[in-house]
Amino acid sequence: PDSIGNLKNLTEFYWDYEKVELPKSISNLKSFTTLDLSKRQLESLPESIVNLTQLTSLDLGCNNLVSLPESIGNLTQLTSLDLSSNNLESLPESIGNLTQLTSLNLSNNSLITLGEGLNKMTSLTSLNLSNNNLTRLPDWLGEIKQLQLLNLRDNQLVSLPESFGKLSQLKQLYLHNNNL
């Protein structure tokens with residue numbers, strides 16, 4: 001219902017109706033911090049979401065997203081972003097604006113490479129890149145020195161960058177089912 005935009009103090013929203021249009025008035029809810037739109041069969045990111053600049057957690061997992069708009073970079077307060085189980089082949093450069101992210105889940109997509117934007121995410125402690133089509137990793141990945149969990153399983157990696165030696169905080173590394 002479009003009247004949801006009147007709930008000015010609402011901070012969390014869980015919407016589990018598949019293929020039901022997200023109310024346009026959702027962009028009025030400036031105090032939103034948590035939004036779960038997983039399993040909604042979304043093919044594109046509703047533009048109204050990028051106006052929710054106070055979001056700290058966004059779950060878009062298990063949808064049909066093939067790309068993200070550049071405006072995703074407006075969500076600079078995000079600390080957790082789940083984009084797992086979509087059809088993403090690449091990421092917009094603006095994703096690098098999400099410098100507060102501590103957890104990023106990109107598993108079960110179709111990523112071939114990682115865009116340069118990710119190199120700005122120096123707060124990441126958990127990065128899940130499992131089950132993609134990655135054949136190599138950029139050298140800057142070793143500069144994300146806060147990483148504690150890195151999941152690279154089920155890709156097509158043939159080597160790891162030299163910079164991996166700099167990941168001194170790394171506690172969990174998953175590499176099985178690669179070509180290493």
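The side chain of Ser84 makes a polar contact with the side chain of Asp82, at 2.6 Å. Polar contact here means a pair of N or O atoms within 3.5 Å; within protein, one has to be able to donate a hydrogen and the other to accept it, and residues adjacent in sequence count only if both atoms are side-chain atoms. This is a predicted model, where local features need pLDDT of at least 70 and side-chain atom pairs count only at pLDDT 80 or more, while totals for chains, interfaces and linings use all residues. Residues are numbered from 1 along each chain as its sequence is written, and side-chain values use heavy atoms, with hydrogens and water left out.

So where does Ser84 sit? You'll find Ser84 in the loop between β4 and β5; strands are DSSP runs of E, at least two residues long, numbered from the N terminus. Buried means under 20% relative accessible area, exposed means over 50%, and partly exposed is in between (1.4 Å probe, protein chains only). Leaving aside neighbours within four places in sequence, Ser84 is in contact (heavy atoms within 4.5 Å) with Leu60, Gly61, Cys62, Asn105, Ser107 and Asn109.

Step along to Ser85, in the loop between β4 (80-82) and β5 (103-105). Ser85 is partly exposed, with 25% relative accessible area, and has a positive phi of about 55° although it is not a glycine. Gln41 also has a positive phi, near 60°, and is a residue other than glycine. Look for Gln41 in the loop between β2 (34-36) and β3 (57-59), where Gln41 counts as partly exposed at 32% relative accessibility.

Further along, Gly117 is in the loop between β5 and β6 (126-128). Gly117 counts as buried, at 2% relative accessibility. Not counting residues up to four places away in sequence, Gly117 touches Glu93 and Gly96. The C-alpha atoms of Gly117 and Thr99 are separated by 9.9 Å, with the two residues 18 apart along the chain.

Now for the core. In soluble globular proteins, nonpolar side chains tend to be buried together. A nonpolar core is a set of buried Ala, Val, Leu, Ile, Met, Phe, Trp, Tyr and Cys residues joined through side-chain atoms within 4.5 Å. The largest one here has 45 residues, and Leu35, Leu55, Leu58, Leu81 and Leu104 touch the most other members. Take Leu55: leaving out residues up to four places away in sequence, Leu55 touches Phe32, Thr33, Thr34, Leu35, Ile49, Leu75, Gln77 and Leu78.

How values were computed:
Helices (H or I, at least four residues) and strands (E, at least two) are DSSP runs, numbered from the N terminus.
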